[in-house]
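The sequence and structure come first, then the notes.

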Amino acid sequence: MKRLFIKITCAALAVLSAVSLTACSGDSSSKKESSTASAQTQTTVSQTTVPQTTSAKDLKKETDLKKLHVPDTTKDQFAGYWKITEGSGSQLKSFTFCFYGNQKSYMLIGTMGYFGTYKLEEKDGKPIFSSKLPFGLDGDYTYEFNKERTSVVLTNISDKSKSTMERQENFNSIPKPDENPTVDEAIIGAWKDDTGAYLYFGSDGIMYTNQVGVNFSFYTYSAKDGKISQTYTMKEETTEEATYSFDGEKFLYNNYEYQRISADELV
């Protein structure tokens, strides 16, 4: 996971290298977000024999990834998915911002998310929205919602720049799986390393990683004979190759050790 995390971070910096960000904006052309075009069909499964204890066999292997990173819209008026559509930051059209409703947030580019925080408070009789994210929204803002609370105008306290955000309904960051992916049944399930980082491989050809507190990513993937081909989207689709093997009950991903866990732990 360490090497993968470094690649993800470098990819993000490459995408944003042309973006001159202020507290809420930057100069960037719209990034074309793509995902694998094929709808899910029958999966081709290859078999690998892996030693397992009875307890390991009993662990739940699959979960509904749509339950991950879902905001609780009952918590506060910012909880949900948003895009900047006007004003400062409107060039960042490939960015989606999610506020969980419990002061946690993330910024999504393509199929890669970067964690942050936010809070709501009142100062000098004015409502204040404070956001801390790696890119994009990062600062303190006064705000005003429209009547339906489907849009909000943010005014940066520091430089007085204004940005309009529009709420995104039915948002989904999970890519469509490739048609007929080759999936090794032995790796299907959730895995965790000694730093708390997660890997997940679904039988549908969707892979998920989470460097807790830093970032997460969704991929389409195929796996066979100790090799994984995994594709994510940021500025464009990028495919990477990884290796895997087993040492007893340990799963080795690019030679880093993981232990099987219940897929329920992801959600």
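Ring pairs join Phe 78, Trp 82, Phe 99, Tyr 118, Phe 129, Tyr 141, Tyr 143 and Phe 145 into a cluster. Rings of Phe, Tyr and Trp (its six-membered ring) pair if their centres lie within 6.5 Å; planes under 30 degrees apart count as stacked, over 60 as edge-to-face and the rest as tilted. The model is predicted: local features need pLDDT of at least 70, side-chain atom pairs count only at pLDDT 80 or more, and totals for chains, interfaces and linings use all residues. Residues are numbered from 1 along each chain as its sequence is written, and side-chain values use heavy atoms, with hydrogens and water left out.

**Aromatic contacts**

- Arg 149 lies over the face of Phe 145, 5.4 Å from the ring centre (CZ of Arg or NZ of Lys within 6 Å of the centre and within 35 degrees of the ring normal).
- The structure holds 28 aromatic pairs.
- Trp 191 and Phe 246 form a tilted pair, because their ring centres are 6.2 Å apart and their planes are at 55°.
- This pair links distant parts of the chain, 55 residues apart: Trp 191 is in strand E11 (residues 189–192) and Phe 246 in strand E16 (residues 237–247). Strands (E, at least two residues) are DSSP runs, numbered from the N terminus.

**Burial**

- Trp 191 counts as buried at 2% relative accessibility, and Phe 246 as partly exposed at 21%.
- Buried means under 20% relative accessible area, exposed over 50%, and partly exposed in between (1.4 Å probe, protein chains only).

Note on methods: Helices (H or I, at least four residues) and strands (E, at least two) are DSSP runs, numbered from the N terminus.
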